[in-house]
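Reader: I am new to this protein and would like to learn how to read it. Could you walk me through some features, giving the general idea before each case?

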Amino acid sequence: MAAVGASATLLTNTKSAEEPVRPVANFPPSVWGDLFLSFSLDNSMMEEYAEAMEEPKGQVRKLILDPTMDSNKKLSLIYTVHRLGLTYMFFKEIEGQLDRLFKEFNLEDYVEVDLYTISTNFQAFRHLGYKLSCDVFNKFKNYDSNTFKESITSDVRGMLGLYESAQLRLKGEKILDEASAFTETKLKSLVKTLEGSLAQQVKQSLKRPFHQGMPMVEARLYFSNYQEECSRHDSLLKLAKLHFNYLQLQQKEELRIVSQWWKDMRFQETTPYIRDRVPEIYLWILGLYFEPRYSLARIIATKITLFLVVLDDTYDAYATIEEIRLLTDAINRWDIGAMSQIPEYIRPFYKILLDEYAELEKQLAKEGRANSVIASKEAFQDIARGYLEEAEWTNSGYVASFPEYMKNGLITSAYNVISKSALVGMGEIVSEDALAWYESHPQILQASELISRLQDDVMTYQFERERGQSATGVDAYIKTYGVSEKEAIDELKKMIENAWKEINEGCLKPREVSMDLLAPILNLARMIDVVYRYDDGFTFPGKTLKEYITLLFVGSSPM
């Protein structure tokens, strides 16, 4: 949601001589209206789905543990379970199997194995934290020319698997860098000649590789596009269908709750200049964690992120510089007594902000976990200061140096607020040690932040220029290093690519913290890619986000 006001149309408010000139933005209205307010949850239906899942769940568990199953088939099963979003149900069983298979791994066993199978095995291991060597792909290269063999181009499924495998590469894995470029070029040239499910698989992967996608949507797309893989085991097919239905009911109820809260808070009346994007923000947070146990966490994080939208649009698309300074001071004071110093139009927001956080702190204090609320609040204060810094730059026409821009830009990317707020409702796994790890600003967190900042900048810098914004990563890079616009964008894209490699490294074992805590960091980077890969999908959510919301909440589930 970083710099989300970047691409709006600039209007000026000139009602009277006394009325300040405001950078009011003509944001498109919500495309959903009150659609999600009318949902009525049938609890008995949810219970039926939950009960119906038990039998196939037990059968899938037996399959995963089956000691007679061939290792390649076992890894293929685990990969399919993962792609369908079911890993969390069998985490211990899968980890036990992968531990054994990884210890037994021998490169010589792969001499006669085809590219598709090797790619599936590689992804199964890497996605679940095991650093299988990329040397498994060496046999598909020519030793004399050190290029990939042309013969693999006839194996489209294998090339697709290699392309997806290459998205999991680490720094220094040159063969996977080459594989990514080679397979992408070949698949793009072949895609128009393909038919049926294979054509859909290649199109989807080229549009957005699985590793960069939103887990819930990727699971649904896998179910639709990989019917053969999903249908190999009746129990897995049945479980996947029931699971999708169960999640859809739960998530539509969560969306109804936050939609009702948003309407009750009357933000569209008190701050009518902001973007009305409740379903989009809920989708964004759902991208961080979709598991049923995080229902409360999603509701809390969605509310806090909606506060962020109000704050961002107030600073970027309404308030004068004097008002921004006053509001920043009030947020730093975090005291209802500061109400009198801020403009009247923003007072309702300020009161609701303080009240909601106070209630959260009170609730979590009972469980001894108020520190996560405090961390979220402090991150909110940090971003207000960051927004002020950007506003001061714009006001004075100052273009920051790239290091200076990045120092502030990592804060204003909103990453820190969203990632810290995502922890608030996650429960016992967010221990004091976990919070301390977050506060230490580990490498994987820095990498995900960088993607959050620069992916947005690369997509929206032209619009920001049109609106007179000085704080853009592209312009800062051009100014600092004296390069052309194209060179600047290419360099920022390289930084994004390297950041993905650092995230991939951070998710491999041995991990500093559990994957439960790493997943939202990985998934927030994924959601940035979803929203900003092709356009400013948040300010103008008529494409990707509309398709995703329709798929998950409007369209019917598979059964």
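Reader: Where is the place of Gln-167?

Author: A word on the ground rules comes before that. This is a predicted model, in which local features need pLDDT of at least 70, side-chain atom pairs count only at pLDDT 80 or more, and totals for chains, interfaces and linings use all residues. Residues are numbered from 1 along each chain as its sequence is written, and side-chain values use heavy atoms, with hydrogens and water left out. Helices (H or I, at least four residues) and strands (E, at least two) are DSSP runs, numbered from the N terminus. Gln-167 sits in the loop between helix H5 (156-166) and helix H6 (174-190).

Reader: Is Gln-167 buried or exposed?

Author: Buried means under 20% relative accessible area, exposed over 50%, and partly exposed in between (1.4 Å probe, protein chains only). Gln-167 has a relative accessible area of 11%, so it is buried.

Reader: Which residues is Gln-167 in contact with, leaving aside its neighbours within four places in sequence?

Author: Contact means heavy atoms within 4.5 Å. By that rule Gln-167 is in contact with Ser-180, Pro-209, His-211, Gln-212 and Asn-504.

Reader: Let me try another residue. Where is the place of Ser-421, and what does it contact?

Author: Ser-421 belongs to helix H18 (residues 415-423). Its relative accessible area is 0%, so Ser-421 is buried. Setting aside neighbours within four places in sequence, Ser-421 is in contact with Ala-301, Ile-304, Tyr-357 and Ser-376.

Reader: Is Lys-103 buried or exposed?

Author: Lys-103, in helix H3 (residues 91-104), is exposed, because its relative accessible area is 73%.

Reader: Which parts of the chain does the pair of Arg-169 and Glu-497 link?

Author: Their side chains meet in a salt bridge of 3.2 Å, N to O. The pair links distant parts of the chain, with Arg-169 in the loop between H5 and H6 and Glu-497 in helix H22 (residues 485-506), 328 residues apart. Arg-169 is buried at 9% relative accessibility, while Glu-497 is partly exposed at 36%. Salt bridges that share partners join Arg-169, Asp-177, Glu-497 and Lys-501 into one network.

Reader: What is there to see in the backbone at Trp-334?

Author: Phi is a backbone angle to look at here: for Trp-334 it is near 50°, a positive value in a residue other than glycine. Trp-334 lies in the loop between helix H14 (321-333) and helix H15 (347-365), and is buried at 15% relative accessibility. Among the residues that Gln-381 touches, not counting those up to four places away in sequence, is Trp-334. Gln-381 itself is in helix H16 (residues 370-396).

Reader: What about the phi of His-441?

Author: His-441 is not a glycine either, and its phi is positive, at about 55°. His-441 is found in the loop between helix H19 (432-439) and helix H20 (443-466), and is partly exposed with a relative accessible area of 32%.

Reader: Which peptide bond is cis?

Author: Look at the bond from Lys-509 to Pro-510, which is cis with omega near -5°. Pro-510 is in the loop between H22 and helix H23 (515-532).

Conventions
A salt bridge is a side-chain nitrogen of Lys or Arg within 4 Å of a carboxyl oxygen of Asp or Glu.
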